[in-house]
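I opened my notebook to look up a few residues and helix pairs, one entry at a time. Come along and check each entry against the picture.

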Amino acid sequence: MSPNLMLFALAIIGGYLLGSIPFGVIATRMGGAGDIRSVGSGNIGATNVLRTGRKDLAAITLLGDGGKGAVAVLLAWLMARNVPGAPEPTLIALAAGSAFLGHLFPVWLKFKGGKGVATFFGTLLAAAWPVGLAAGATWLIVALVFRISSLAALVAVALAPLVVLGLGLPHAIALLSLFMALLVFIRHEPNIRRLLRGEEPRIGGSKTASGAE
């Protein structure tokens with residue numbers, strides 16, 4: 001096996017295993033809040049963890065889910081730096097995309113994971129920080145104006161690939177952002193249906209299990 005193929009395999013396998021770490025499940029169990037999969041929507045992300053009433057556990061989940069994508073990118077970057085001629089953007093994209101897939105389909109939870117928003121932002125901040133900042137700013141503006149978290153996330157991830165292209169970043173990063181954005185939209189299909197019906201809960205408003213993220 002050529003050195004590059006070995007690096008690609010390490011990036012994919014390592015990224016996926018990192019992304020599969022279910023911080024929401026771990027935080028709620030260790031924090032005495034039970035199994036997050038039996039709360040609200042059953043989603044393992046920070047939004048659902050917040051429904052336990054534990055802001056500290058939700059913050060841990062948010063940082064963990066975002067951080068594991070960033071760590072996958074960092075490790076891929078370190079591998080590329082230590083191997084002359086290694087395709088750095090491709091390695092980063094493979095590791096980041098694999099970490100994102102790991103969060104959505106974690107092997108430890110029978111491939112039933114989260115919706116990927118926190119991991120999307122953490123991954124982009126590490127892989128292309130201007131794009132990550134732009135996506136974060138977009139989320140904040142849309143959330144402040146419309147008070148709907150899912151809408152803010154969908155707009156932010158949709159604009160991210162355009163920002164990558166506008167900045168002239170490597171094609172591998174553009175494909176990464178597009179790949180993650182498409183999966184976020186797929187995972188938010190129930191939210192999109194509620195948005196079209198005008199039934200999606202607003203930030204700070206009453207929430208039901210059906211409207212949870």
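This is a predicted model: local features need pLDDT of at least 70, side-chain atom pairs count only at pLDDT 80 or more; totals for chains, interfaces and linings use all residues.

**Entry 1: L151**

L151 belongs to helix α8.

Which residues does L151 touch, leaving aside its neighbours within four places in sequence? I found V142, F146 and L195. I then looked at L195 again: it sits 44 residues from L151 along the chain, and the C-alpha atoms of the two are separated by 7.7 Å.

**Entry 2: S150**

Next I went to S150, which is also in helix α8, a helix that covers residues 149-166. Is S150 buried or exposed? I noted it as buried, because its relative accessible area is 1% and buried means under 20%.

I also looked for a partner for the side chain of S150. The side chain of E200 makes a polar contact with it, at 2.7 Å.

**Entry 3: α8 beside α9**

I stayed with α8 and turned to helix α9, residues 171-187. The axes of α8 and α9 come within 9 Å and cross at roughly 165°. The two helices are therefore roughly antiparallel to each other, since the cut-off for that word is an angle over 145 degrees. I wrote down the crossing of α8 and α9 as left-handed.

Then I listed who takes part. From α8 come L154, V157, A158, A160, P161, V164 and L165, and from α9 come I173, A174, S177, L178, A181, V184 and F185. Sorted by class, this contact of α8 with α9 has 13 nonpolar residues, one polar residue and no charged ones.

**Entry 4: S177**

S177 lies in helix α9 and counts as buried, because its relative accessibility is 0%.

What does S177 touch, not counting residues up to four places away in sequence? My list reads F120, L124, A160, P161 and V164. I also found that a polar atom of the S177 side chain lies 2.8 Å from the backbone oxygen of A174. For one more distance, I took V163, which is 14 residues from S177 along the chain; the C-alpha atoms of this pair are separated by 9.6 Å.

**Entry 5: α1 beside α5**

Now for another helix pair. Helix α1 spans residues 3-19 and helix α5 spans residues 88-104; their axes come within 6 Å and cross at roughly 30°. That makes α1 roughly parallel to α5, because angles under 35 degrees count as roughly parallel. The crossing of α1 and α5 is right-handed.

On the α1 side I noted L7, F8, A11, I12, G15, Y16 and G19, which meet T90, L91, L94, A95, S98, A99, L101, G102 and H103 of α5. By class, the contact of α1 with α5 holds 10 nonpolar residues, six polar ones and no charged ones.

**Entry 6: α2 beside α4**

I marked the crossing of α2 and α4 as right-handed.

Here F23, G24, A27 and T28 of α2 meet L57, I60, T61, G64, D65 and K68 of α4. The residues in this contact of α2 with α4 divide into four nonpolar, four polar and two charged.

**Entry 7: two loop residues with positive phi**

K110 sits in the loop between α5 and α6, and its phi is near 55°, a positive value in a residue other than glycine. Is K110 buried or exposed? K110 is exposed, because its relative accessible area is 69% and exposed means over 50%.

R147 is found in the loop between α7 and α8. Its phi is positive too, about 60°, although R147 is not a glycine. I put R147 down as partly exposed, because its relative accessibility is 35%.

Technical notes
Residues are numbered from 1 along each chain as its sequence is written. Side-chain values use heavy atoms; hydrogens and water are left out. Helices (H or I, at least four residues) and strands (E, at least two) are DSSP runs, numbered from the N terminus. Buried means under 20% relative accessible area, exposed over 50%, partly exposed in between (1.4 Å probe, protein chains only). A polar contact is a pair of N or O atoms within 3.5 Å; within protein, one must be able to donate a hydrogen and the other to accept it, and residues adjacent in sequence count only if both atoms are side-chain atoms. Contact means heavy atoms within 4.5 Å. A crossing is left-handed if the near helix is turned anticlockwise from the far one by less than a right angle, and right-handed if clockwise. Ala, Val, Leu, Ile, Met, Phe, Trp, Tyr, Cys and Pro count as nonpolar, Asp, Glu, Lys and Arg as charged, and the others, Gly among them, as polar. Axes are lines fitted to C-alpha atoms, for helices over the stretch in contact, and angles run from 0 to 180 degrees between N-to-C directions. Angles under 35 degrees count as roughly parallel, over 145 as roughly antiparallel, 65 to 115 as roughly perpendicular and the rest as oblique.
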